[in-house]
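Please look over the sequence and the model shown here, and keep both in view while reading the paragraphs that follow.

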Amino acid sequence: MALSKVTDLLANLPIGVKVLGGTFLTGTVLTVVWRRLKGRQTKSKVYPPNTIVIHQMGRGPHVPSLTPFAIKLETYFRMEGIPYEVEHNWNRKAEKTGKLPFLEYNGEEIPDSEFILEFISKEKNVDLNKGLTPEQIGIGRAFQKMMEENTYWCFVRDRWVLDESSAIYKHFNLSWIVIYLVKRAQRKTLWTHGIGRYSPEQLRHIMSEDLKALSRYLGSKNFLFGDKASKFDCAIFGILAEIRWASFGGFGPVVIKEYPNLCDYCDRMKETFWPDWDTVIKPDNKQ
């Protein structure tokens with residue numbers, strides 16, 4: 001039967017049948033996805049006392065993680081020379097928030113990358129703003145929140161919804177029905193958030209304006225505040241790395257190339273804190 005005939009047939013079904021069928025189909029698909037992800041998960045390990053463990057979704061094909069917040073944490077720990085372990089598990093999420101990444105420390109779970117850093121600051125007596133002036137701290141937080149609360153959502157919609165090639169979904173060998181359902185769920189979430197109400201052209205403009213502001217402030221400096229990176233660089237790099245290298249079929253890489261100093265900045269952060277980048281992103285690497 002032609003796809004158009006199937007579509008017409010579904011459109012003429014009574015609303016009750018549609019709802020029941022949609023619920024059944026969604027439940028079936030989610031069950032399949034859950035089983036697939038469960039099969040990919042790694043077994044929990046028993047770590048020595050005082051071991052910092054970052055729980056995240058796994059290494060990305062082009063970046064160390066498909067979530068910028070895991071890259072942010074790992075980059076910061078590398079910058080400060082703080083030992084840590086990484087555990088990859090799509091299913092295990094923070095009990096309090098239901099999100100990834102989260103940190104496990106002596107049996108305690110700490111969700112949210114920023115609260116994690118604050119926890120580590122107290123636990124390990126680390127000054128998160130070492131060497132920064134009050135003015136720089138204010139500027140750093142402003143740029144970080146612009147990237148994490150605005151630019152990030154532009155990127156999310158670009159990668160997960162607007163990309164007509166569905167490249168990221170195909171990378172994980174997901175079927176068309178799973179792609180359809182996930183994209184539909186993403187559209188609802190992003191519409192509620194507000195970023196989903198803009199046209200693709202407007203979204204691209206918003207992302208470009210954010211990157212332009214960052215580019216102008218960065219100028220020719222090596223890092224946000226000069227020759228030494230800070231925790232704000234770690235957060236900003238997490239977002240930029242996703243846009244530049246892990247947008248899959250989205251417009252992100254084209255937009256960031258409009259700002260060469262941001263591309264150089266990404267390369268600099270990668271070379272400085274991720275000399276093992278190419279090894280880490282290999283599909284069989286679980287470190």
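**A walk through the predicted fold**

Just after helix H7, Gly194 adopts a positive phi of about 120°; helices here (H or I, at least four residues) and strands (E, at least two) are DSSP runs, numbered from the N terminus. The model is a predicted one, in which local features need pLDDT of at least 70 and side-chain atom pairs count only at pLDDT 80 or more, whereas totals for chains, interfaces and linings use all residues. Residues are numbered from 1 along each chain as its sequence is written, and side-chain values use heavy atoms, with hydrogens and water left out.

Taken as a whole, the chain has 12 helices and four strands, and 47% of its 287 residues count as buried. Its exposed surface comes to about 15400 Å², of which carbon and sulfur atoms supply 56%; these accessible areas come from the Shrake-Rupley method with a 1.4 Å probe, and for residues only the protein chains shown count as cover. Among contacts (heavy atoms within 4.5 Å) between residues at least 6 apart in sequence, 73% join residues at least 24 apart.

The strands can be followed from E1. Both faces of E1 (residues 53-56) are covered, with Val53 and His55 on one side and Ile54 and Gln56 on the other, all of them buried. Four bridges join E1 to the parallel strand E2 (residues 85-88), where two strands are said to pair if DSSP finds at least two bridges between them. Between these two strands the chain passes through helix H3 (residues 68-80), and this β-α-β crossover is right-handed, meaning that, with the strands pointing away from the viewer, the path from the first strand over the helix to the second runs clockwise. Within this pairing, Glu85 is the bridge partner of Val53, while Ile54 stands opposite Val86.

E1 also pairs with strand E3 (residues 102-105), here in the antiparallel sense and over three bridges; Leu103 is the bridge partner of Ile54 in E3, and Phe102 stands opposite His55. From E3, Phe102 and Glu104 point one way and Leu103 and Tyr105 the other, and all are buried. E3 is joined in turn by four bridges to the antiparallel strand E4 (residues 108-111), with Leu103 opposite Ile110. E3 and E4 form a hairpin with two residues between them, and Asn106 in the turn has a positive phi of about 50°.

The loop between E2 and E3 holds Arg92, which counts as partly exposed because its relative accessibility is 26%. Arg92 lies 37 residues from His55 in sequence, yet their C-alpha atoms are 8.0 Å apart in space.

The largest nonpolar core has 75 residues, and those with the most contacts inside it are Tyr76, Phe77, Leu103, Leu211, Leu214 and Leu240; such a core is a set of buried Ala, Val, Leu, Ile, Met, Phe, Trp, Tyr and Cys residues joined through side-chain atoms within 4.5 Å. Helix H5 (residues 134-162) gives the most to this core, with nine residues. Leaving aside residues up to four places away in sequence, Leu214 touches Phe143, Met146, Met147, Leu224, Ile236, Leu240 and Leu262.

How values were computed. Buried means under 20% relative accessible area, exposed over 50%, partly exposed in between (1.4 Å probe, protein chains only).
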